[in-house]
Amino acid sequence: MKVVLEHLTKRFPSRSKKEEDVIAVNDFNFEIPDGKLIGLLGPSGCGKSTTLNLICGLEPPTEGKIYFGNDDVTRLPPENRGVGLVFQNYALYPHLTVLENIQFPLKNLRGAERPTKEQMLERAKEAAKLVQIEGLLERKPSELSGGQQQRVAIARALVKMPKVLLLDEPLSNLDARLRLQTREEIRRIQLETGITTIFVTHDQDEAMSISDMIVVMKAGVMQQMGPPQDVYDQPVNLFVATFLGTPQINVFDGEVKNGWLYIGGDRVLETPGPEDQKVSVGIRPEGFTLDENGPFALNLERVEVMGRDTSVVSTHPASRSAFIRSIIPARNRVDKTKKTVRFRLMPDKVFLFDAKTEERVPFTLPPEGVEG
Amino acid sequence: MKKKSMKGWLYLLPAILFLGCFMVYPLIDVLIYSVEEGYNSASQTYWGVGLYNYSYVLRDPYFLQAVKNTLILVAITVPLSTGFALLISLGLNAVKPLRSLFQTVYFLPYVTNTLAVGLVFMILFKKTAYTEGLVNLMLQWFGASSVDFIDGPYWAKMFVLCFYTIWVVMPFKILILTSALASVNPEYYSAARMDGTRPFRIFYKITLPMISPMIFYLVITGFIGAFKAYSDAVALFGTDLNAAGMNTIVGYVYDMLYGNSGGYPSFASAAALILFAIVLTITCVNLLISKKTSVN
Ligand SMILES: Nc1ncnc2c1ncn2[C@@H]1O[C@H](COP(=O)(O)OP(=O)(O)O)[C@@H](O)[C@H]1O
Ligand SMILES: [Mg+2]
């Protein structure tokens with residue numbers, strides 16, 4: 001089931017006259033294709049949970065429409081939309097067993113929809129099997145680990161066979177190892193069921209690793225949507241560029257003059273296209289190539305060996321952050337005795353942004369295979 | 001190690017001394033009084049040890065009346081006050097505007113003096129030479145005949161006492177229950193709404209289990225409080241409760257000590273220990289039930 005949002009807006013009125021209204025979701029227009037896994041990504045408080053609440057019907061939108069397939073569901077109550085929601089803190093009923101928790105949604109059904117006792121048990125067991133918790137059905141939630149509770153919550157959301165599954169920060173309460181496991185698990189379940197799934201996270205690694213598509217938002221405004229690699233390679237603005245990627249992109253104050261990019265006094269890269277102007281320059285950590293005669297000189301701070309590759313930490317007066325991090329292959333040795341380290345830049349890893357609007361300023365890349 | 005435990009005892013000493021003086025010693029004293037037969041408070045002598053005091057108290061019609069009154073009071077007020085308090089708390093939890101105003105209004109009886117409230121009840125219910133009392137006036141409007149609630153038939157007096165008791169104990173229960181309701185994580189209700197759970201089922205399957213520890217707490221303390229009722233009856237019916245037929249067990253104990261017929265500490269002690277036994281039994285039963293329910 002594809003999900004379409006049309007001018008979707010949610011405004012929370014302010015408590016007092018001094019404060020302004022919070023626009024948690026600001027004019028969302030996008031289509032989530034059928035059967036895909038979508039990562040909704042943004043910093044804390046940017047309106048991710050509100051977006052989910054609008055889609056599932058827990059909150060009414062201030063404006064706009066929501067379609068599931070071709071049906072307008074904007075006015076439908078949550079239970080009639082065919083959505084399953086997994087809450088951030090799971091919201092498992094503590095006094096009910098795992099089985100009772102999973103069956104709870106079924107027991108609310110009435111009339112012809114209501115399955116028999118045997119069917120309920122059957123379906124609950126099916127859902128439990130899908131998330132691999134068949135052995136825990138008689139336990140109380142307090143007797144489960146965080147990861148197991150997570151699975152129970154997913155089973156409860158799946159038991160009514162929803163057309164759309166929503167997960168609110170499903171991994172944020174898990175420790176690092178479990179997080180890796182569980183995100184694979186979510187991916188597996190999504191592929192097995194083919195349910196259109198939207199999952200919310202503030203962790204870009206999570207979103208990038210398992211999503212078919214990511215939606216990046218900031219302060220209620222959708223910034224960019226697309227397959228993770230595309231968004232990473234072609235960020236539309238400085239916010240998206242900084243939000244995606246670990247280690248973070250390095251940002252410098254720079255200037256375009258006569259088709260060349262200058263950082264500090266150095267003429268570092270040929271950037272044909274844009275007019276002469278001040279720019280913010282984003283350079284991905286993997287966009288540096290070690291080169292004794294390279295145009296870009298940085299003050300070497302230290303070298304961190306990570307085995308597979310090496311992280312060079314340096315400083316530069318034009319840098320926006322205290323340290324610049326460049327990742328280079330481990331076979332390239334850095335001379336640690338020197339005070340400066342020189343790099344060449346890979347043009348496809350360098351992004352220019354308007355100094356004021358922070359929107360991307362594109363420049364013409366040199367032909368394939370030639371480095372600038 | 002030894003020194004450390006000495007230090008611990010030293011810290012505990014003030015509390016132990018205090019509790020020993022004002023709780024343990026009187027308790028033991030009561031126990032001793034209750035088995036001293038024919039104790040004379042003037043000469044401080046007695047002529048034997050045995051259970052005569054208990055058998056006297058248990059056959060005393062005034063005591064039996066007091067037990068009956070207390071049991072009726074407990075049986076009516078504890079469930080009703082808890083039930084009403086739950087209803088009102090649910091209501092308070094549901095309204096947004098003016099919530100704090102309502103909360104204050106419902107809490108007022110708690111900070112009002114028992115005797116002052118008793119006075120108000122007298123005005124509401126008492127029939128005098130000059131006025132019928134507000135409640136009777138209203139009864140008359142509806143065509144019913146007036147009843148003397150303070151000096152009249154037993155059921156009318158019991159009604160007023162129960163009414164009054166419920167009125168006095170409700171604010172505390174409302175306070176506890178509103179905070180218990182407010183502390184239920186709203187995610188549970190969102191989850192229930194996702195599945196289209198109907199309101200009654202939400203209450204029965206989610207709200208009630210979540211606040212059940214607080215309800216059990218209120219029931220247990222409610223039982224104990226109602227068994228210890230005394231001042232409420234005095235506020236309504238004056239100090240000669242035996243004559244009004246509205247005495248309670250604690251009232252009986254007090255009368256035996258200081259009332260018109262006072263000066264019988266042995267009988268008072270025996271009655272007090274019988275009350276203690278009743279309260280202990282009921283509390284144990286309550287705890288057993290609450291354990292059973294919370295396990296399942
Ligand atoms: N019920 C509400 N009333 C008022 N403001 C709210 C409410 N829910 C969320 N907000 C505000 O909306 C914004 C987005 O919140 P939320 O969707 O929870 O963010 P996220 O899930 O991305 O962390 C925040 O500024 C938050 O304070
Ligand atoms: Mg959130």
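Mentor: Contact here means heavy atoms within 4.5 Å. The model is predicted: local features need pLDDT of at least 70 and side-chain atom pairs count only at pLDDT 80 or more, while totals for chains, interfaces and linings use all residues. Residues are numbered from 1 along each chain as its sequence is written, chains are lettered from A and ligands numbered from 1 in the order in which they are written, and side-chain values use heavy atoms, leaving out hydrogens and water.

Trainee: Leaving aside neighbours within four places in sequence, which residues does Asn242(B) contact?

Mentor: Asn242(B) belongs to helix α11 (residues 241–244) of chain B; helices are DSSP runs of H or I of at least four residues, strands are runs of E of at least two, and both are numbered from the N terminus. With 16% relative accessible area, Asn242(B) is buried (under 20%; exposed is over 50%, partly exposed in between, with a 1.4 Å probe and protein chains only). Beyond those sequence neighbours, the contacts of Asn242(B) are Tyr62(B), Asn247(B) and Asp255(B).

Trainee: How many nonpolar, polar and charged residues are in the contact of α5(B) with α6(B)?

Mentor: Helix α5 (residues 114–125) and helix α6 (residues 134–141) of chain B pack at about 30° with axes 4 Å apart. Ile123(B), Leu124(B) and Phe125(B) of α5(B) meet Leu134(B), Val135(B) and Asn136(B) of α6(B). By class the contact has five nonpolar, one polar and no charged residues.

Trainee: How does the ring pair of Tyr93(A) and Phe104(A) count?

Mentor: Rings of Phe, Tyr and Trp (its six-membered ring) pair if their centres lie within 6.5 Å, with planes under 30 degrees apart stacked, over 60 edge-to-face and the rest tilted. Over all chains there are 24 aromatic pairs. For Tyr93(A) and Phe104(A) the centres are 4.7 Å apart and the planes at 50°, so the pair is tilted.

Trainee: Where in chain A does Phe104(A) lie, relative to Tyr93(A)?

Mentor: Tyr93(A) has 0% relative accessibility and counts as buried; Phe104(A), at 2%, is buried too. The two are 11 residues apart, with Tyr93(A) in the loop between β6 (83–86) and α2 (98–107). Phe104(A) lies in helix α2 of chain A.

Trainee: How far is Arg201(B) from the ring centre of Phe104(A)?

Mentor: A charge sits over a ring if NZ of Lys or CZ of Arg is within 6 Å of the ring centre and within 35 degrees of the ring normal. Arg267(A) sits over the ring of Trp260(A) at 3.9 Å from its centre. Arg201(B) lies over the face of Phe104(A), and its distance from the ring centre is 4.5 Å.

Methods. Axes are lines fitted to C-alpha atoms, for helices over the stretch in contact, and angles run from 0 to 180 degrees between N-to-C directions. Ala, Val, Leu, Ile, Met, Phe, Trp, Tyr, Cys and Pro count as nonpolar, Asp, Glu, Lys and Arg as charged, and the others, Gly among them, as polar.
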